[in-house]
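Hi there,

Here is the structure I promised to pass on to you. Have a look at it first, and then read my notes below.

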Amino acid sequence: MAAEAPGTLPVQLVEQPRLQKLKEMFISKFGSAPKFYVRAPGRVNLIGEHIDYCGYAVLPMAIEQDILIAVEPVKTQVVHLANTNSLYLDFSTSVNNIQINKTKPQWHNYFLCGLKGIQEHFGLNNPTGMNCLLDGTIPPSSGLSSSSALVCCAGLVTLRANGKTLSKVELAEICTKSERYIGTEGGGMDQSISFLAEEGAAKLIKFSPLRATDVRLPSGAAFVIANSCVEMNKAATSHYNIRVMECRLATKVILEFHTVCRKLHLLSKSKGLDWEKMLRLHDVQTKLGVSLEEMLTIVEEVLHPEPYSAEEICKCLGISLEELRSQILSQNTQDVSTFKLYQRAKHVYSEAARVLEFKKICSEAPANALQLLGELMNQSYISCREMYECSCPELDRLVDICLQFGAIGSRLTGAGWGGCTVSMVPTDKLNAFLEDVRKAYYQSDVQRLALEKNSLFATKPGRGALVFVEA
């Protein structure tokens, strides 16, 4: 499946009210009809938070909410972007001069990331212009991957408009790299599930090389998404990229810091390890040839819980402050003065182990599977809150409410600092759960109540990115 290109599905628009309405709006906007439509779904990550960019497997599923774009290739080399949501302004630019503004991550910049990624991959010297009208149902900045779905959708739009083909894996890898044009140092989970998802199954996604394995979720439980209604834009804030850099620094310090653990130092030197070439915590484990549990022991031995100053890190690595900033830190983390390496590494290695255990339980399906999975979700949330510090008071409150009203497990999903929770709820308690959470979290706040319709829903694994054409 992963080696295939995304599918093309002929549809009768009279049977697809949303596509029909989008076509009518497109004609009203551009004076001509779209030639095709592209859909890319959002996702919910069931477990495995902030570990994809460290090289570890994650376990997401695609959701029903998506980005849908109506497209007409045009002869002028201009891309015209419009949005069905009037809050998002129209944008036009030459396809030969793509400028992506990192300081203002506006909606059209995410489209340009996908566009530029495909252009550069094929070295397109004469790319096709396009009229595009976008309709999105993923709540923005909710942790359900609206921005990555837009990048993926734009990549597939550009691919189709220029008459090119790529496999789902190739598209996912290109879109992962191209989203970094906007300054987000992501790891690839969001783009991978958007292309590789299949209806009815979550996916265990592994990296280097990218591959996906079906995970059949146990019967008897539903997964419920609840939006805290606190928005967090990864590209507009530094929290996310600081965590990426803390993990990168932890990778390097673990390898170099031999005064506490001489044995590790000798082992690393004998195996030819060099911290300068190591970027991900997974690389350390792979090169040392030890288990995740052993890596947790090494973290305890090598790293201290107190924050590291930039100066201390430089001393550990034998580099200058200028070298730290120019060779290791990303552009938007240059001014960070302290880094929590112990806490971040401890979360990553323990979370990576929880993902593998989650997959194992789903495969073996013991009688108490739901209880075991719920416990893993709860442990993940505690680690995200305490070790990775990516929660917020509203998410904490929402997790408490979900557990209070019958969730077996509940945790934040997505980057955090706002966005959504995902909870596993027994199917026989689902309706009562939804009503209780609605009353306790949404009806107590006027702003949340206004957003409640699209903020609380049960979901099941959906399909990945597709092209639609009129039959």
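Predicted model: local features only at pLDDT ≥ 70, side-chain atom pairs only at ≥ 80, totals over all residues.

Residues are numbered from 1 along each chain as its sequence is written, and side-chain values use heavy atoms, with hydrogens and water left out.

Helices (H or I, at least four residues) and strands (E, at least two) are DSSP runs, numbered from the N terminus. Two strands pair if DSSP finds at least two bridges between them.

β7 covers residues 202-206, and four of its five residues are buried (buried means under 20% relative accessible area, exposed over 50%, partly exposed in between, with a 1.4 Å probe and protein chains only). Five bridges join β7 to β8, residues 211-215, and the two run antiparallel. In the loop between the two strands you will meet Pro209, which is joined to Ser208 by a cis peptide bond with omega at about 0 degrees.

Ser192 is buried, with a relative accessible area of 1%.

**The seven-stranded sheet**

Seven strands form an open sheet with mixed pairing, in the order β1-β15-β2-β3-β6-β4-β5. At its edges are β1 (8-11) and β5 (91-94), each pairing on one side only. On average, neighbouring strands of this sheet are turned by 25 degrees against each other, direction ignored (axes are lines fitted to C-alpha atoms, for helices over the stretch in contact, and angles run from 0 to 180 degrees between N-to-C directions).

Inside this sheet, β4 (residues 78-83) and β6 (residues 129-136) run parallel and are joined by five bridges. His80 stands opposite Asn131 in β6. Helix α2, residues 107-122, packs on the sheet and touches β3, β4, β5 and β6, with its direction at about 140 degrees to that of β4. Helix α12, residues 341-364, also packs on the sheet, touching β2 and β3, and its direction makes about 105 degrees with that of β2.

**A pair of helices**

How far apart are the end C-alpha atoms of α12? They are 35 Å apart, which agrees with the 34 Å that its 24 residues should span at 1.5 Å a residue (the expected span is 1.5 Å times one less than the number of residues). Helix α9, residues 292-302, packs against α12 at an angle of about 170 degrees, with the axes 9 Å apart. The two are therefore roughly antiparallel (angles under 35 degrees count as roughly parallel, over 145 as roughly antiparallel, 65 to 115 as roughly perpendicular and the rest as oblique). Their contact includes Leu292 and Met295 of α9, and Tyr349 and Leu356 of α12.

Tyr349 is also a partner of Leu281, which touches Ala345 and Val348 among others. Leu281 and Tyr349 are 68 residues apart in sequence and 8.1 Å apart in space, C-alpha to C-alpha. Leu281 sits in helix α8 (residues 281-288) and is buried, with a relative accessible area of 0%.

**The four-stranded sheet**

Another open sheet has four strands in the order β12-β13-β9-β14, with antiparallel pairing. β12 (409-413) and β14 (456-459) stand at the edges with a single partner strand each, so one side of each is left without a neighbour in the sheet. Seven bridges join β9 (residues 221-227) to β13 (residues 420-426), and the bridge partner of Ile225 is Val422 in β13. Helix α13 lies across β9, β12 and β13, while helix α15 lies across β9, β13 and β14.

Finally, look at Trp417 in the loop between β12 and β13. Trp417 has a positive phi of about 55 degrees although it is not a glycine, and at 10% relative accessibility it counts as buried.

Happy exploring!

Conventions. Contact = heavy atoms within 4.5 Å. Lists of a residue's contacts leave out its neighbours within four places in sequence.
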